[in-house]
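Me: I would like to go through this model with you, starting with the ligand site. Please keep the answers plain.

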Amino acid sequence: MSPQAGIFISVEGSDGAGKGSNIEFIQHWFKSRLRQVVTTREPGGTPLGEKVRELLLAKNSAAISPMTELLLMFAARSQHIEDVIKPALSGSRVVLCDRFTDASFAYQGGGRGLANEQIEQLKRLVQGDLQPDLTLLLDIPIDVGLTRVSNRGKPDRFDSEADEFKTRVRAAYLQLAENDPARLVIINADQPLKAVQRDIESVLESRFP
Ligand code: TYD
């Protein structure tokens with residue numbers, strides 16, 4: 001692992017796939033290798049982005065059209081890239097991002113039915129050449145994810161969507177992985193946490209020796 005290069009990793013998955021625990025694991029993995037890690041999330045990651053997140057996730061938000069939802073995701077992302085992600089990468093840090101643009105393709109594309117081309121246009125506009133070096137897709141069957149989510153706090157606007165929506169989100173994520181296997185690695189999250197972490201560790205060891 002070159003000490004000079006920043007590393008950009010995003011972690012994706014359907015709701016209930018266990019992103020939180022695994023992000024903590026990845027953070028420790030890099031810290032134990034003396035890397036400075038910036039852990040952040042989308043939507044969010046900046047004061048403006050966190051306000052946008054509140055609007056997007058609140059169940060009592062006034063109706064938000066799919067295109068408005070997409071634009072808000074990218075508005076938050078634009079600020080996040082400029083204020084947090086690019087500076088951290090320039091400072092040779094590891095940026096560990098809880099969701100990034102793949103989530104827009106999965107949720108606003110697959111889930112809401114917006115055209116991939118429109119999402120691509122915004123991606124080009126907001127990201128330019130910036131792309132995660134590695135994206136871990138924690139994949140889990142919908143029913144297993146739902147059981148896990150039902151065991152925790154209040155469901156947000158996306159948790160409350162119908163099962164068909166979640167099925168489309170998962171299918172869109174798997175399609176993204178199929179289209180870009182060099183960047184997007186599928187991790188089977190329907191296993192005990194230790195086994196998931198072993199799989200993640202072997203990906204990290206091979207990508208960042
Ligand atoms: P997250 O904090 O990962 O919630 P959870 O722990 O419930 O998975 O993400 C918040 C929600 O935002 C999640 O349901 C997915 C959604 N989302 C999008 O719809 N589009 C996006 O571009 C991003 C980044 C997130």
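Me: How far is Ser104 from an oxygen atom of the ligand?
Reply: An N or O atom in the side chain of Ser104 is 2.6 Å from an oxygen atom of the ligand. A polar contact is a pair of N or O atoms within 3.5 Å; within protein, one must be able to donate a hydrogen and the other to accept it, and residues adjacent in sequence count only if both atoms are side-chain atoms. The model is predicted, with local features needing pLDDT of at least 70 and side-chain atom pairs pLDDT 80 or more, while totals for chains, interfaces and linings use all residues. Residues are numbered from 1 along each chain as its sequence is written, and side-chain values use heavy atoms, without hydrogens and water.

Me: What about Arg53 and Asp159?
Reply: For Arg53, an N or O atom of the side chain is 2.7 Å from a ligand oxygen. A polar side-chain atom of Asp159 lies 3.5 Å from an oxygen atom of the ligand.

Me: How much of the ligand's accessible area does the protein cover?
Reply: On its own the ligand has 540 Å² of accessible area, and the protein covers 93% of it. Such areas come from the Shrake-Rupley method with a 1.4 Å probe; for residues, only the protein chains shown count as cover.

Me: Which elements give two or more residues to the shell around the ligand?
Reply: They are α2 (47–57), α3 (66–90) and α4 (101–111). The most comes from α4, with four residues. Helices (H or I, at least four residues) and strands (E, at least two) are DSSP runs, numbered from the N terminus.

Me: How many residues surround the ligand?
Reply: The ligand is surrounded by 18 residues, and the closest are Asp15, Lys19, Arg53, Arg99 and Ser104. A residue is near a molecule or strand if one of its heavy atoms lies within 4 Å of it.

Me: Change of topic: is strand β3 buried or exposed?
Reply: Strand β3 (residues 94–98) is mostly covered, with five of its five residues buried. Buried means under 20% relative accessible area, exposed over 50%, and partly exposed in between (1.4 Å probe, protein chains only).

Me: Which way do the residues of β3 point?
Reply: Val94, Leu96 and Asp98 point one way, whereas Val95 and Cys97 point the other way. In a regular strand the side chains alternate between the two faces of the sheet.

Me: Which strands are joined to β3?
Reply: Strand β1 (residues 7–13) runs parallel to β3 and is joined to it by five bridges. Five bridges also join β2 (residues 37–41) to β3, again in parallel. Two strands pair if DSSP finds at least two bridges between them. Val95 in β3 stands opposite Phe8, and Val95 is also the bridge partner of Val38.

Me: Now the loops. Where does Thr46 lie?
Reply: Thr46 lies in the loop between β2 and α2. Thr46 counts as buried because its relative accessibility is 4%. Its side chain reaches the backbone nitrogen of Gly49 at 2.8 Å.

Me: And why does Ser92 count as partly exposed?
Reply: Ser92 counts as partly exposed because its relative accessibility is 23%. This residue is in the loop between α3 and β3.
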